[in-house]
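This report is a guided reading for someone meeting the structure for the first time. Please keep the sequence and the model side by side while following the sections below.

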Amino acid sequence: MSDQGFTTAIVHSDRRAGIEHGAIHKPLHPSSEYAFNDARELAAVFQGKSGFTYARQGTPTTAALETKVTAMEGGLASVSFATGMAALTAIFFTLLKQGDHLIASQFIFGNTNSLLMTLAGLGVEVTLVDATDVEQVKAAKQANTRMVFVETIANPGTQIADMQNIGRWCNEENLVYVIDNTLTTPWLCQGKKMGASLVMNSLSKYIGGHGHALGGMVTETGLYDWQQYPNIADVYRNGNPTSWGLTQIKKKGLRDMGGTLSSDAAHRIAVGAETLALRMERSCTNAMALARTLSSHPKVARVHYPGLPTHPQHKRSQQFFGNHHGALVAIELAPSIDVFDFLNHLKVFVLATHLGDTRTLVLPVAHTIYHEMGPERRALMGIADGLLRVSVGIEDIADLIGDFAQALEKAG
Ligand SMILES: *Cc1c(COP(=O)(O)O)cnc(C)c1O
């Protein structure tokens, strides 16, 4: 991201483009269609020249956000989507074909797991492995393997994939390597440094950050040479081969599938992104303090947090992310405590399914997001029945610790 620091570059990003009236934000463009005075120019944009035609393929407002996230990730280019799930759908469904094989971490977000099952139903082979160990990933390789997918810190179990080693191996084997960076954001982790070909960020979470806009982003890192990839359509095999993948994702995944980010949401996300570093730092610090306090509480059975020395990938977390370890804490209460009773006593924590908000949110995952999966699949994914997912916000830490303690007290 240029020669400037992370936050300096974001907050000055729009202004540098030289906006009319000295505006500090790019204007919000609600137009569905973009008109041309010259028919040749119109045809040129349809044929690949950069420009805007119909808002299903993006607007100047979504483009401004794409520029910001590309810079944050140190990538080549990005394409935005209506949600993180729309972005993941575009990646999997435009780059994989029937008969291809995908290796994915078994520790992933429940809805992503469900999406992969849909993919499997359409004839893409999917193998789930313990991606905290590169050897398990290697062992799953078949002749038809095309892609490997992991999350940086897994939602909700906080397992950390063996990302760098997997990246090196994918590079040797010519496999497309997709990293879901949602839980860490580019402030903690740049997918490119882990060797990713493509990085997905759900903008609905920390990057937007205020629980008022949904979005998703796919960033091409430039590390993968798409000449080696058989599933790129001939029409997209021109220009720089490191950008063919994103072109296909944009054409087939955005233009054809239509999960487009609105200008309005893009603008709100862009404003939220300006304070990403401040919010993440505060939330990570809060999460560390909460995890530390609860790990010695007699009514708490287990705390899963990469910042704790007891976490199986604590060293890896320090190596990849430094002094901050994300803001998601997974908690198992003592078996004697009625989880629902406990939740009903919380006053500051918000009982809601989301994460990456300024507010601290809590959810019993086995009964909600992972309910549909049943006990066997939950066990494979490391989801205990009483597991609480806590997305730690930016509140004053004493209020969070106090609220948790009083609810534990009342729950018996
Ligand atoms: C929430 C989430 C998604 C999906 O993002 P949406 O914007 O809610 O569709 C994908 N991956 C991870 C790790 C998530 O936490």
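## Strands β11 and β12 and their sheet

In this predicted model, strand β11, which covers residues 361-364, pairs with strand β12, covering residues 387-391, in the antiparallel sense, and the pairing runs over four bridges. Within this pair, L363 has R389 of β12 as its bridge partner.

The two strands belong to an open sheet of five strands with mixed pairing, in which the order is β8-β9-β12-β11-β10. The edges of this sheet are taken by β8 (300-304) and β10 (350-351), and because each has a single partner strand, one side of each is left without a neighbour in the sheet. Helix α12, made of residues 276-295, packs on the sheet and touches β8, β9 (328-333) and β12, while the direction of the helix makes about 150° with that of β8.

## Helices α12 and α16

Helix α12 also packs with helix α16 (residues 397-410), at an angle of about 30° and with the two axes 10 Å apart. The crossing in which α12 passes α16 is right-handed. On the side of α12 the contact is made by N286, A289, L290, T293 and L294, and on the side of α16 by I397, L400, I401 and F404.

## Two domains

How is the chain divided into domains? Domain 1 takes in residues 6-273 and domain 2 takes in residues 277-411. Between the C-alpha centres of domain 1 and domain 2 there is a distance of 28 Å, and the two domains meet through 42 residues of domain 1 that are in contact with 41 residues of domain 2.

## The seven-stranded sheet

A further open sheet is formed by seven strands, again with mixed pairing, and the order across this sheet is β1-β7-β6-β5-β4-β2-β3. Here β1 (77-81) and β3 (125-129) stand at the edges, and since each of them has a single partner strand, one side of each is left without a neighbour in the sheet. From one strand to the next, the twist averages 20°.

Among the pairs in this sheet are strand β6 (residues 198-202) and strand β7 (residues 216-220), which pair in the antiparallel sense over five bridges; in this pair N201 stands opposite M217 in β7. Helix α10, consisting of residues 244-256, packs on the sheet and touches β1, β6 and β7, and the direction of this helix makes about 20° with that of β1.

## Helices α4 and α5

Two packed helices are described by the angle between their axes and by the distance between the axes. For helix α4 (residues 84-95) and helix α5 (residues 110-121), the angle is about 30° and the axes are 11 Å apart. Angles under 35 degrees count as roughly parallel, and α4 and α5 are therefore roughly parallel to each other. Their crossing is right-handed.

The residues that make this contact are M85, L88, T89, F92 and F93 from α4, together with N111, T112, L115, L116, T118 and L119 from α5. They divide into seven nonpolar and four polar residues, and no charged residue is found in the contact of α4 with α5.

## Helices α3 and α11

Helix α3, with residues 60-73, and helix α11, with residues 263-273, pack at an angle of about 35°, and their axes lie 8 Å apart. The crossing of α3 and α11 is left-handed. From α3 the contact draws on T61, T62, L65, K68 and M72, and from α11 on S263, A266, H267, I269, A270 and A273.

## The loop between β4 and α7

Which peptide bond is cis? The bond from N155 to P156 is cis, with omega near 5°, and P156 has its place in the loop between β4 (145-151) and α7 (163-173). T158 is found in the loop between β4 and α7 as well, and this residue has a positive phi of about 65° although it is not a glycine.

Note on methods:
Residues numbered from 1 in each chain as written. Predicted model: local features only at pLDDT ≥ 70, side-chain atom pairs only at ≥ 80, totals over all residues. Heavy atoms only, no water. Pairing = 2+ DSSP bridges. Axes fitted to C-alpha atoms, helices over the stretch in contact; angles between N-to-C directions. Contact = heavy atoms within 4.5 Å. Parallel < 35°, antiparallel > 145°, perpendicular 65-115°, else oblique. Left-handed = near helix turned anticlockwise from the far one by under 90°. Nonpolar A, V, L, I, M, F, W, Y, C, P; charged D, E, K, R; others polar. Domains from an automatic or database assignment.
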